[in-house]
Amino acid sequence: MSDSDDFVQFSGTEDYIASGPLVDAVNCAIALERPLFLKGEPGTGKTLLARHVAAGVSLPMESWHVKSTSKAADGLYVYDTVQRLNDARFGDGDVGDINHYIKLGPVGRSFDADQRHVLLIDEIDKADVEFPNDLLLELDEMRFTIMETGREVSAKHRPVVIITSNNEKELPDAFLRRCVFHFIDFPDPDLMRQIVDVHHPNLEQTLLDQVLIKFYWLREQNELRKKPSTSELIDWIAALQRGGVSQDALESSLPFVGALLKTEQDTEALGTYEERGGDLPKSWSDLGPRYNQ
Amino acid sequence: MFLDLFYGLRDAGVPVAIQEWQALISALEKGLHGSSLERFYYVSRACLVKSETYFDAFDMVFGRVFHGIEGSLPIHDEILDWLRDPKAFEGLTDEQREMLDRLSRDELMRKLFETMAEQSERHDGGGKWVGTGGHSPFGHGGEHPTGVRIGGPGGGRQAMKVWEQRKFREYRTDSTLDLRQWKVALKRLRHLTRDGIASELDLDETIDETCRNAGEIELVFKAPRRNNVRLLLLMDVGGTMDPYFEPVSRLLTALLEERGIREFRSYYFHNCIYERVYKNGFLRHDESIPTADLFRQLDSRWKVVVVGDAAMHPAELMEAHGNIDPRAETETPGIKWLMRIHDHFDRSVWINPDAPSSWEMTHTTRIVKRLFPMYHLSVDGLGEAVSALVGARTAAA
């Protein structure tokens, strides 16, 4: 990466609307060759971003979806001992060469590749508390050693690492220190219009207005346990369009609310609100001052 | 000015270190801030701050350090005058005047900015952004000739808004102890319970090792999993404990999420423990169990953690019928119940959220402290308490 002056620049893609600060953070991470650490409400497009960064800078992508059982070493490589035993018993394959049974994980593959990769480590907070610490050196120096063969895998091209977290666990300081951090803020109505426009280009503006009013109103309600997010809005609009719901119908009711509210308590809470004769908002002025500046 | 930001952040409790600082410096060297104050704000925030809980503190420090930047632009009235009427400016050759005629006002502006950007860069590398960043918000000026108010409130205000509105205030927690630290402290609670003599066949490892050996059987033994930590948590609620609601509930969360603990129970009490302990913080009689039941149901191997400030009226602790709640029958003084708990269970600790310096000042705290080893409700204190629960017995305890 000697030619760091003309590093790859990301500026969003056709299908992904990224805010200015987010673009800056992505470019910052690319230029500094540090992992980009993304946090934000679920459904704000953290995982999607990696895919679009890869598309935006035209690099192939490796993704590693972390689970609660994931170990840091799994991402580097796995030594398939059972396969080797099996081969030894039945005389298949070349048992003598351990290399045949070493399978690189997503991190290992992105290091070993001949081309620069985008590496997504998704939902790192799902794993055990020590997981990020176990990856420190690997992400810092971009190399690791395969214990069984003594081979050192070091990154030919430092991958663009994107790490997402849903904030279920706090991550260690030493890990965070090495990252560029960005918090994906919930989109404001204007940005949301652009986002919806990408997914549903033929939506009438007046209908969209009603949809957004209802949507942001729902998000304002503190009684809801899980606030609807962008991806749910997109689904909801799709449902509304398929169902042929007119603008008038939407003004006074919330059809297909199941697309927005995902827990029973939330649906019930909305039901009681309507039973008690609570009004649904009809225009932006019914919403709080935050939307009426 | 940069260092002001760095130390300002540290003073405000934002954990920034040299490593983040270097990241920012190299980001600036690469020109990632694009010579704009607003983008500089985002780039520096991305490099320096690693949690949205510190965004608000960052906004405040940033605002303080860079406040008034827009007013101190290195552009002089002279230039302003010249811009207003370029041809009237003395010291231009006729040739230049002719050139100016051909230049539109917009182009002229752009030229000016380009030149100035170059100059200030050459002049002071370190303070680069002051030069470029400072007037860059006006870089858009090219499109709005009338809007070019150099040195006045231009686009810079817009950028300023971002951090002046402090929209991340709600994320602020001002937490001195975070959940992760709790968990790390609690982790020792399970680690220390797994040692012993390797007497159990480890099937997984045996298969693994055998495979590594390409088929030659290799037996692996491991210590039996004596994950016998059973924990009883007794929490004081209400009154003087109200200010500590946050840390106590965090401790509870950490304990509930701690998978290493074999069994876990928690009960509540108010001020002192008497005949009954309560299943939740509402302290209702129908949701309580007799304290004596704890002794019947739980054997002495259970570890007991009492969380409370132990500060109460001496009568509440020492006298019969001392319970502050008149509805509850309390013939036995509270201290008796505490002694029974202490005697029944092998290991018990008292975790006190009050500052350790104040413990000696309260009569009842002194008494309780003589009975239970007392630790502070902090990460260090919790670590010590865990050692006292599972570690080797020390002579003092």
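**Exercise 1. Find which residues have the most contacts inside the largest nonpolar core.**

Solution. Start with the terms. A nonpolar core is a set of buried Ala, Val, Leu, Ile, Met, Phe, Trp, Tyr and Cys residues joined through C-beta atoms within 7 Å. A residue is buried if 20 or more other C-beta atoms lie within 10 Å of its own, exposed if 12 or fewer, and partly exposed in between, with C-beta atoms placed from the backbone.

The largest nonpolar core has 72 residues. Those with the most contacts inside it are A:Cys28, A:Leu36, A:Ile162, A:Val180 and B:Ala27.

Next, take A:Ile162. Contact means that C-beta atoms, placed from the backbone, lie within 7 Å. Neighbours within four places in sequence are left aside. A:Ile162 then touches A:Leu36, A:Leu38, A:Leu49, A:Ala50, A:Val53, A:Val118 and A:Leu120.

A second, separate core has 45 residues, including B:Trp350 and B:Val368.

A note on the source: this is a predicted model, where local features need pLDDT of at least 70, side-chain atom pairs count only at pLDDT 80 or more, and totals for chains, interfaces and linings use all residues. Residues are numbered from 1 along each chain as its sequence is written, while chains are lettered from A and ligands numbered from 1 in the order in which they are written.

**Exercise 2. Give the strand order of the open sheet in chain A.**

Solution. Helices (H or I, at least four residues) and strands (E, at least two) are DSSP runs, numbered from the N terminus. Two strands pair if DSSP finds at least two bridges between them.

Step one: read the order. The five strands run β2-β5-β8-β1-β9 in chain A, with parallel pairing. Step two: find the edges. They are β2 (61-65) and β9 (180-184) of chain A, and each pairs on one side only.

Step three: look at β1 (residues 36-40) of chain A. Five parallel bridges join β1(A) to β9(A). A:Leu36 has A:Val180 as its bridge partner there, and A:Leu38 has A:His182. Four parallel bridges join β1(A) to β8(A). In β8(A), A:Ser165 is the bridge partner of A:Lys39.

Five of the five residues of β1(A) are buried. A:Leu36, A:Leu38 and A:Gly40 point one way, A:Phe37 and A:Lys39 the other.

**Exercise 3. Work out which elements of chain A give two or more residues to the side that touches chain B.**

Solution. Count first. The contact takes 28 residues from chain A and 29 residues from chain B. The elements are α1, α4 (81-90), α8 (173-177) and β9 of chain A. The largest share, seven residues, comes from α1(A).

**Exercise 4. Explain why the buried residues of α1(B) line one face of the helix.**

Solution. List them. Helix α1 (residues 2-11) of chain B buries B:Leu5, B:Phe6 and B:Leu9. Look down the axis of α1(B): these buried residues fall within an arc of 100 degrees, so they line one face. The arc is that of the directions from the helix axis to the C-beta atoms.

Now turn to the face away from the buried side. That face of α1(B) carries the exposed residues B:Leu3, B:Asp4 and B:Asp11. What covers the buried residues includes α2 (18-29), α3 (37-48) and α4 (55-65) of chain B. Just after α1(B), B:Gly13 takes a positive phi of about 85 degrees.

Conventions:
Contact = placed C-beta atoms within 7 Å.
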